[in-house]
Amino acid sequence: ARAPRATCSDGHTTSNLACCIWFDVLSDIQDLFENACGDDAHDALRLAFHDAIAFSPKLVAQQQFGGGGADGSIIKFSSIELNYSANVGLDSIVNAEKEIADNRGVSYGDMIQFAAAVSVGNCDGGPRLSFMAGRPNATQAAPDGLVPQPFDSVSTILARVGDAGLSPDEMVELLASHSVGVQEDIDESIPGTPFDLTPTVFDTKFYNDTQLGPQLIFPGDGPHQGEVKSPSLGQFRLQSDVALSRDNRTAPHWLALSLSQQLMASRFAASMAKMALLGQNPGVLYDCSDVIPVPK
Ligand code: HEM
Ligand SMILES: [Ca+2]
Ligand SMILES: [Ca+2]
């Protein structure tokens, strides 16, 4: 059955009038992204992970605050969280999204997941992500140490994301995001070096090249902590990506995704939807997915 339509004051239609504000936010965020899959879109996708993954039931069991997950804490408490080493390079997207959210009166947690969903649709091959709105504002900064680092072992990474609620398969699926990413801060001599040869295309090349590509060269002045050799000067290899691509707990799924654009895109969309709810009460959220543009 088709969802009932409501018409916003600007003429857009959506299944829920409470979603109308997101058409305004969409226009702001697309101005920032220049309707493209460029630097700001990439940063917005990375930001969604760094906000959401900072959620730890394990810390709560030790009577500590475990972070609020996808709660916008990385914007609300940016003066704290942007000092964490894993969050290097996120300042400019945090400031840009904060300004839009403040202007439009939406929560930072919603803003971050919305911007990420829009960003993926701007990349050729990117699936249409869903978007749930209604996250309350963060109450505390997330503690340090919850965002995986490229020099972490596979066991460390899987334990950390497992604590947050993500399976090894979901971790693998989410890394399709590195198909549209570049590094800036691991090797500062070569900012903008991508993780695959098609950083504006959401494709399977990243999975294929990390798993099967030869390890020949450090493209800049490396090695740096978290970096391993890459197949060519034009791309950069994170140690964690290569380790996950070859570990027996994650390599089979990595291979499966490398063989099917359709599987990769659909699994990524499902895992992103799950990640966007980490630490959140789904009962207070409502579906504004119909505001997310249909990818070209
Ligand atoms: C094991 C987990 C992960 C590790 C260790 C990791 C690490 C990194 C590192 C070191 C960079 C380069 C940052 C810089 O130098 O500017 C990066 C970039 C990026 N990451 Fe991840 N990442 C992980 C998972 C994810 C996930 C789950 C997402 C999204 C769902 C994501 C999205 C991105 C994007 C889009 C970029 C590119 C940013 C840009 O182009 O400026 N990453 N990641
Ligand atoms: Ca957070
Ligand atoms: Ca790519």
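The legends below describe close-up views of a predicted model. Local features are given where pLDDT is at least 70, side-chain atom pairs count only at pLDDT 80 or more, and totals for chains, interfaces and linings use all residues. Residues are numbered from 1 along each chain as its sequence is written, while chains are lettered from A and ligands numbered from 1 in the order in which they are written.

**View 1**
Domain 1 and domain 2 each bring 22 residues to the contact, where two residues are in contact if their C-beta atoms, placed from the backbone, lie within 7 Å. On the side of domain 1 that touches domain 2, at least two residues each come from helix H2 (39–52), helix H3 (57–61) and helix H13 (261–275). Helices (H or I, at least four residues) and strands (E, at least two) are DSSP runs, numbered from the N terminus. H2 gives the most to this side of domain 1, namely four residues. By class, this side holds 13 nonpolar, five polar and four charged residues; Ala, Val, Leu, Ile, Met, Phe, Trp, Tyr, Cys and Pro count as nonpolar, Asp, Glu, Lys and Arg as charged, and the others, Gly among them, as polar.

**View 1. The packing of helices H1 and H6.**
Two packed helices are described by the angle between their axes and the distance between the axes. Helix H1 (residues 21–33) packs against helix H6 (residues 91–104) at an angle of about 150°, and their axes are 10 Å apart. Axes are lines fitted to C-alpha atoms, for helices over the stretch in contact, and angles run from 0 to 180 degrees between N-to-C directions. H1 is therefore roughly antiparallel to H6, a term for angles over 145 degrees. From H1, the contact uses Ile21, Asp24, Val25, Asp28, Ile29 and Leu32, and from H6 it uses Ala96, Ile100 and Arg104. These residues divide into six nonpolar, no polar and three charged.

**View 2. The shell around ligand 1.**
Ligand 1 is surrounded by 25 residues, of which the closest are His42, Leu174, Ser177, Gly181 and Glu184; a residue is near a molecule if its C-beta atom, placed from the backbone, lies within 6 Å of it. Two or more residues of the shell come from each of H2 and strand S4 (182–183). H2 supplies the largest share, six residues. The shell has 11 nonpolar, nine polar and five charged residues. Domain 1 and domain 2 each contribute at least three residues to the shell.

Methods:
Parallel < 35°, antiparallel > 145°, perpendicular 65-115°, else oblique. Domains from an automatic or database assignment.
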